[in-house]
Amino acid sequence: MSVRELVVLGTGSQVPTRTRNHNGYLLRWDGEGLLFDPGEGTQRQMLFAGVPASSITRICLTHFHGDHCLGVPGVVQRLSLDGVRHPVTAHFPASGAEYFGRLRRASVFHETAELVEAPVSEPGEIARGAFGKLVARRLSHPVESFGYQLIEPDSRRMLPERLAALGVSGQAVGRMQREGFLELDGRRIELAEASEPRRGQRFPFVMDTRLCDGVFELADGADLLVIEATFRAADAALATEYGHLTAAQAGRVAAECGVRKLVLTHFSQRYADPEQFRAEAAETFGGEIVVAEDLGRVAVPARRPARSAAG
């Protein structure tokens, strides 16, 4: 059974607190496990969350500030310690390749797992697989930073009532899906006669950045948007100075981009009440808002109900 959910491993900005670990987010997407920005302590958070190292298929770093990458050594070594057999691909800004090399080999260990380095030098598609494609976009931060977007390909949803009316059942359904048509009892039945378009789901991950074109490109049409909300609106000047977003700005992005579910995270330790972030984002975004908490799980929204065959 496929599972699509975000496992939140840490939500703190810059430093961990008593209630928030450094960043860390695992996107479980069917057979894929994308680990985003593992900060210090991520390996231990994985234990608390019940996430084995074997579930990781990709590591995606937005940039090389410590709260987004200091967990890499422990995670990389754990891959070998646990005998992970499948290759794990690591995406990160190419300008920080030296830093990634230091993190990968931060101490002595017996490396048996296969870690494939795939540095990102330009925006665009960076990977493709059964999940669809993974795209990177430039963000605006004092150091080079990329956001990521997983895009599932569009497909078609089979309509049981139409299949029954056309007399198509069993293995013939799969054959029609693969070939686009079916020859049955002297008739040619096109796939479009028994199905309707189904838009692929989208998941963007947007960390440390000011508002910029890349933010809106990543968030466009997202089913689940994970986005930093380091500051509150009263500190918007600080947010701009240090290359961050406010919760209000995150809400604006979600509203303008047609996001279905908004996940706010990467909170500054200066704020005591996380619900204030929700309130500010809700001033412009009327959809579902999640204020991320360590070890929380956030389901990717179910697909929108398909239109009936009649329209």
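Author: Helix α9 spans residues 275–282, and its buried residues are Phe277, Glu280 and Ala281. Keep in mind that this is a predicted model. An α-helix has 3.6 residues a turn, so residues three or four places apart point the same way. Now ask what covers the buried residues of α9. The cover includes helix α8 (247–257). It also includes two strands, β16 (261–265) and β17 (288–291).

Next, the salt bridges. The whole structure has 22 of them. Start with Arg199 and Asp223. Their closest N and O atoms are 4.0 Å apart. This pair links distant parts of the chain, 24 residues apart. Arg199 sits in the loop between β13 (195–198) and β14 (202–206). Asp223 sits in the loop between α6 (213–219) and β15 (224–228). Are the two partners buried or exposed? Arg199 is partly exposed, at 39% relative accessibility. Asp223 is buried, at 4%. The cut-off for buried is under 20% relative accessible area, so Asp223 falls within it.

Glu144 and Arg138 join their side chains in a salt bridge, at 2.5 Å from N to O. Glu144 is partly exposed, at 29% relative accessibility. Arg138 is partly exposed too, with 33%. Glu183 and Arg188 also form a salt bridge, at 3.8 Å from N to O. Glu183 has a relative accessible area of 49% and is partly exposed. Arg188, at 46%, counts as partly exposed as well. Salt bridges can also join into a network. Arg4, Asp30, Glu152 and Arg303 are linked in this way.

Last, look at the backbone. Most residues other than glycine have a negative phi. Asp37 is not a glycine, yet its phi is positive, about 45 degrees. Asp37 lies in the loop between β3 (32–36) and α1 (42–49). Its relative accessibility is 0%, so Asp37 counts as buried. Asp185 is not a glycine either, and has a positive phi of about 50 degrees. Asp185 lies in the loop between β11 (181–184) and β12 (187–190). With a relative accessible area of 70%, Asp185 is exposed.

Conventions
Residues numbered from 1 in each chain as written. Predicted model: local features only at pLDDT ≥ 70, side-chain atom pairs only at ≥ 80, totals over all residues. Heavy atoms only, no water. Buried < 20%, exposed > 50% of the residue type's maximum accessible area, 1.4 Å probe, protein only. Helix = DSSP H or I, 4+ residues; strand = E, 2+ residues; numbered from the N terminus. Contact = heavy atoms within 4.5 Å.
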